Amino acid sequence: MILSCSHINKSFGTDRILTDCSFHIEDHEKAAVIGINGAGKSTLLKIIVGELPADSGTVTVAKGKTIGYLSQHQELEADKTIFDELLSVKQNIIDMEKSIRGLEEKMKDTEGDALEALLSQYTRLNHEFELANGYAYKSEITGVLKGLGFTDEDFSLHVNTLSGGQKTRVALGKLLLSKPDIILLDEPTNHLDMASISWLENYLLSYDGSVIIVAHDRYFLDQIVTKIIEIDNSNVTTFSGNYTDYASKKAILRNMKLKEYLNQQREIKHQEEVITKLKQFNREKSIKRAESREKMLDKMERVDKPAEINDKMNIRLDPKVVSGNDVLTVRGLSKSFDKVSLFSGLDFEIKRGERVALIGNNGTGKTTILKIINGLIPADYGEITLGAKVSIGYYDQEHHVLDPDKTLFEEIQDTYPDLNNTQIRNTLAAFLFTGDDVFKYIRELSGGERGRVSLAKLMLSNANFLILDEPTNHLDIVSKEILENALNSYTGTVLYVSHDRYFINTTATRIIELTGHTLVNYIGNYDYYLEKRDILTPKAVTASSAAVSGSSYGAKAGTATLSGASAASVSSKDGGGSSKAEWQQSKEEAARLKKLKNELKRTEDKISEIEERISEIDEEYNNPEIASDTSKLVALHNERTELSDNLDKLYEKWEELSETLD
């Protein structure tokens, strides 16, 4: 055990944050601290590193072990370049290298026993230098900086000129290079693009020390952690496994708790009815028995009703008008800033009902594309055509659609003047703004709160084409899941930019990757994209580059459409494509359909198998021998309950597969 938290309690005024918090971390273990916004996750990390005192309880770190901590916000103001700032972490190696060079100079003019002593010292120091990776420390720094998304040109930028996000990445780089025994990371992925997050995953997976992460990035947690520390209503519970394991176990525990609550409520109701009946008899014995039962009820330890799943926010997005099948058509889209070309000659289409994720590294122009479609900035070249009856609802990650000088109530009222006071309050309450909260000014809100106001406006818009720029930023996991459910049940069309891979995997029906100044289209979710990316994206970028070099316009790129295992075609303005690529795409589509049909058959077989077993259990209930065997009845009941739950899931799966095949 490398770290132990024992009976930690913490309150701020009357707000209880942590109650009797206890857990431990083993050497080399990777763990996550999760909970809704405001649950106390950052507070717990600060208590562990000593930045905040606990009201009571102890934090114990194994003797001689070091802790490194990355907070959400960094205030680096050093007048050093980015490279030199990270180089400062390796000062001990730099000093060691200077000493080695100094010994080399001394040995040139030394003889005899003195030389032997210097040689011994030189050998020892060289060994230490080698163990400390002294021969490759500059390469190590370069690797970390590039992994975190900095280019060679960025290395010379001064730290005090960087944005908050860039400073956080510099601080993260310094922490990783210092290699403490325990790393504490508070939202480390907030300012990283997908490539950098993937790099950080691999780095932490191979990291020799222990890691504790606070993050809302569920995909990231699934890849790294083997323990979940949940903070819920100030109470701390530990689960083994990654986030998906935790979510599954949490659902099971909640169902058990709900059953326990319902059983107890039935028992209480039964006892109250018996007590009432006994009192109605109005006899001494009956009254005494009633009083005895009342005492028993008073002593009963009541089970709290578990909170409803996803009851934190209630989002329902329903367009009133159905758009035409062709929602958006983009042809020859190009944009440059300060003579730097972001993209050129992009072509793509979006059909009604699609949920399309636009992904790519930071700085490739994803948000720019959304702003051009919304008419917020002009394109250099290209045509954007909206389909019949298309109404856009836009979610801006910087929330420029909100007026900082208005209250929440005024923001909704001015945008939707037909709503009465009750309707406005009910809408804001659905997004956790109640009471006097509705009279807060927009400028006073946190990033997450502004996001909720923007979502509230979006819900009221009745748009049938949602364009969302990083909609999950600053949302906790529960709120993300609610938004996912809302989008998955939405009957309109969605185009969004996000670096939340779990969110993309759950909601996207198609992925468009902006890379190499071109678009690569993947017909599937994020798992499908990962499966095909290394094969198909290089082909598409190479084909696009060839198209650019052969184009009379000189700056024209294209859009590669990838559907299936190896289908790739680059579309140009004449709409032509190779017959070989079309044949390959058709072949892959046939293979995909065959796979779906096989999966449907397996699902049907499993449904039949479970239905048959449920029938057998129902017959066993009528067996007199079993009817008197309580343990057997409980076992049969538990098995039937589990089978029924599985059957419900299989029915849903069967419906989804059938709809997909249709």
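Over which ring does the charged end of Arg-452 sit? In this predicted model, the charged end of Arg-452 sits over the ring of Phe-433, 4.5 Å from its centre.

## Charges over rings

Besides Arg-452 and Phe-433, another arginine is placed in this way: Arg-169 lies over the face of Phe-150, at 4.4 Å from the ring centre.

## Aromatic pairs

The structure holds 12 aromatic pairs. One of them joins Tyr-219 and Tyr-526, whose ring centres are 5.4 Å apart and whose planes stand at 85°, so the pair is edge-to-face. This pair links distant parts of the chain, since Tyr-219 belongs to helix α8 (residues 218–224) and Tyr-526 to helix α17 (residues 526–550), 307 residues apart. Tyr-219 is buried, with a relative accessible area of 11%, and Tyr-526 is buried as well, at 3%.

The rings of Phe-409 and Phe-439 have centres 6.1 Å apart and planes at 35°, so this pair is tilted. Phe-409 lies in helix α12 (residues 408–415), while Phe-439 lies in the loop between α13 (421–430) and α14 (447–460), 30 residues apart. Phe-409 is buried, with a relative accessible area of 10%, whereas Phe-439 is partly exposed, with 44%.

Tyr-219 and Tyr-526 also belong, together with Tyr-522 and Tyr-529, to one aromatic cluster.

## Two helices in contact

The axes of helix α5 (residues 137–147) and helix α7 (residues 194–205) come within 9 Å and cross at roughly 135°, and the two helices are therefore oblique to each other. In this contact, Gly-143, Val-144 and Gly-147 of α5 meet Ser-196, Trp-199 and Tyr-203 of α7; by class, there are 3 nonpolar, 3 polar and no charged residues.

Note on methods. Residues are numbered from 1 along each chain as its sequence is written. This is a predicted model: local features need pLDDT of at least 70, side-chain atom pairs count only at pLDDT 80 or more; totals for chains, interfaces and linings use all residues. Side-chain values use heavy atoms; hydrogens and water are left out. Axes are lines fitted to C-alpha atoms, for helices over the stretch in contact, and angles run from 0 to 180 degrees between N-to-C directions. Helices (H or I, at least four residues) and strands (E, at least two) are DSSP runs, numbered from the N terminus. Angles under 35 degrees count as roughly parallel, over 145 as roughly antiparallel, 65 to 115 as roughly perpendicular and the rest as oblique. Contact means heavy atoms within 4.5 Å. Ala, Val, Leu, Ile, Met, Phe, Trp, Tyr, Cys and Pro count as nonpolar, Asp, Glu, Lys and Arg as charged, and the others, Gly among them, as polar. Rings of Phe, Tyr and Trp (its six-membered ring) pair if their centres lie within 6.5 Å; planes under 30 degrees apart count as stacked, over 60 as edge-to-face and the rest as tilted. Buried means under 20% relative accessible area, exposed over 50%, partly exposed in between (1.4 Å probe, protein chains only). A charge sits over a ring if NZ of Lys or CZ of Arg is within 6 Å of the ring centre and within 35 degrees of the ring normal.
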